[in-house]
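Dear colleague,

My notes on its aromatic rings follow below.

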Amino acid sequence: VQGKDPSVDITQDLVDESEEERFDDMSSPGLELPSCELSRLEEIAELVASSLPSPLRREKLALALENEGYIKKLLEIFHVCEDLENIEGLHHLYEIIKGIFLLNRTALFEVMFSEECIMSKYTFVMCWLLFIVLLRYSSMKNNRMIFDCCQPECPINAVCNRNSYFDLLSRIHPFRNIGGKESHLVPSITQLSLHPVLALVLLQRSHNIRKIHEDEKFLTDLFAQLTDEATDEEKRQELVNFLKEFCAFSQTLQPQNRDAFFKTLSNMGILPALEVILGMDDAQVRSAATDIFSYLVEYNPSMVREFVMQEAQQNDDDILLINLIIEHMICDTDPELGGAVLLMGLLRTLVDPENMLATANKTEKTEFLGFFYKHCMHVLTAPLLANTTEDKPSKDDFQTAQLLALILELLTFCVEHHTYHIKNYIINKDILRRVLVLMASKHAFLALCALRFKRKIIGLKDEFYNRYIMKSFLFEPVVKAFLNNGSRYNLMNSAIIEMFEFIRV
């Protein structure tokens with residue numbers, strides 16, 4: 001019934017309009033665009049909008065835009081509209097650029113995101129993106145401040161006087177916005193396949209990162225100013241955030257490029273620079289430095305281990321990089337200890353024998369664990385030992401209990417994965433007896449951490465551990481906790497019974 005006029009009785013032959021249109025399009029010459037003038041913007045916008053529904057007209061429109069260099073002409077008109085404050089013209093330009101974007105053609109994207117278009121201050125491409133942001137915010141002027149950081153006069157550019165590379169970096173930001181942050185605000189964009197855009201994003205990131213990391217003078221200047229005490233705090237914060245962003249983008253590189261990237265940073269002295277930064281008072285700078293350190297540990301823990309063992313030959317224990325990390329974990333002011341949890345995970349990666357290398361001449365496990373237990377373990381266990389001098393914890397607030405639970409979790413990992421290093425440390429320092437003091441904590445999760453630590457030791461079935469436990473009467477705190485738990489049928493009750501059942505069997 002569709003396609004027929006109900007007021008006409010004569011049967012009509014249905015005409016496939018799409019085929020008729022296709023025939024017209026195939027037989028007609030290429031699309032002719034109106035001359036690019038301010039007075040014809042409305043006509044251009046209507047032509048672009050009318051071409052979008054038809055695949056053939058879309059193709060012809062794209063070809064015409066490419067062949068005539070139309071986008072750069074629109075850029076010139078955009079500046080005229082800006083100067084004249086022609087709001088109607090800007091709205092037409094918005095519709096035109098939106099239509100060009102929806103053509104989803106790689107060749108056009110390359111022109112739109114070329115250096116000339118992106119880096120021209122407040123270009124029409126940027127303003128089209130700003131119109132998207134306007135759905136959330138109210139003032140175009142305020143939104144334009146987002147892009148002020150892309151300009152050479154941005155404070156971060158004055159720090160190293162290497163404008164060209166910061167200009168390159170600034171090109172990353174609009175790409176990133178297109179690729180994800182604001183795209184959910186415009187359904188018509190998210191409905192498209194944006195593979196060409198995403199490919200350009202990754203290509204541009206790779207290009208920017210490569211250009212920066214190949215410039216040794218730039219990186220030397222960067223690290224020098226990061227570690228210079230005379231550097232202004234605001235500038236140092238900008239530099240650290242830049243370095244953090246730089247490392248974050250490197251995660252999208254191909255493996256061989258990422259290897260070269262981190263090798264360059266290592267050779268230029270990123271680890272000594274982080275060591276200096278982590279010793280500073282600025283919490284925001286330290287937080288960004290911790291994030292950078294996490295990228296390095298995730299990429300190559302052996303590189304970090306080699307550095308800290310070398311610096312131990314020259315520096316005191318207090319200023320070793322790993323000890324600074326441990327101290328930041330211990331001193332985390334967050335009530336939920338979010339930063340401490342991250343740092344504990346990094347420490348566990350560094351002391352994990354599974355990712356340690358073994359060569360014919362040396363074993364990294366033997367060397368690094370010997371170093372760690374000699375220079376770092378006393379820093380890690382200091383809060384535990386300080387809090388367990390009596391029969392019950394001297395401080396039993398929630399944040400202290402959380403911190404001690406994190407330390408116990410790492411020590412339990414060491415018991416499971418290390419051999420004589422942790423055994424000698426526990427027996428010589430009487431660590432297990434001090435840990436079992438925490439069984440008297442009012443926080444059940446901490447008491448269970450202490451019990452889990454002992455259960456891990458017993459599970460090893462090691463005679464040295466067994467003699468140490470019997471000689472020091474180290475079942476007494478466990479039995480006392482069991483009796484204090486009374487008739488309650490809870491996790492503490494079950495865990496203690498399971499431990500004795502394991503011994504009996």
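Tyr373 has a relative accessible area of 11%, and because anything under 20% is called buried, Tyr373 counts as buried. Please keep in mind, as you read on, that this is a predicted model.

By the rule used for ring pairs, the count comes to 10 aromatic pairs. In one of them, the ring centres of Phe261 and Phe262 lie 5.0 Å apart with an angle of 80° between their planes, and since planes over 60 degrees apart count as edge-to-face, this pair is edge-to-face. Are these two residues, Phe261 and Phe262, buried or exposed? Phe261 is buried, with 0% relative accessibility, and Phe262 is likewise buried at 0%.

Tyr373 also belongs to an aromatic pair, in which its partner is Phe372: the arrangement is edge-to-face, with 5.8 Å from centre to centre and 85° between the planes. Phe372 is buried as well, its relative accessible area being 1%.

Phe261 and Phe262 turn up again in a cluster, where ring pairs link them with Phe242, Phe246 and Tyr299.

Lys454 has its charged end over the ring of Phe475, at 3.7 Å from the ring centre, while Arg455 lies over the face of Phe502, where the distance to the ring centre is 4.0 Å.

How values were computed. Residues numbered from 1 in each chain as written. Predicted model: local features only at pLDDT ≥ 70, side-chain atom pairs only at ≥ 80, totals over all residues. Heavy atoms only, no water. Phe/Tyr/Trp six-rings, centres within 6.5 Å; stacked < 30°, edge-to-face > 60°. Buried < 20%, exposed > 50% of the residue type's maximum accessible area, 1.4 Å probe, protein only. Lys NZ or Arg CZ within 6 Å of the ring centre and 35° of its normal.
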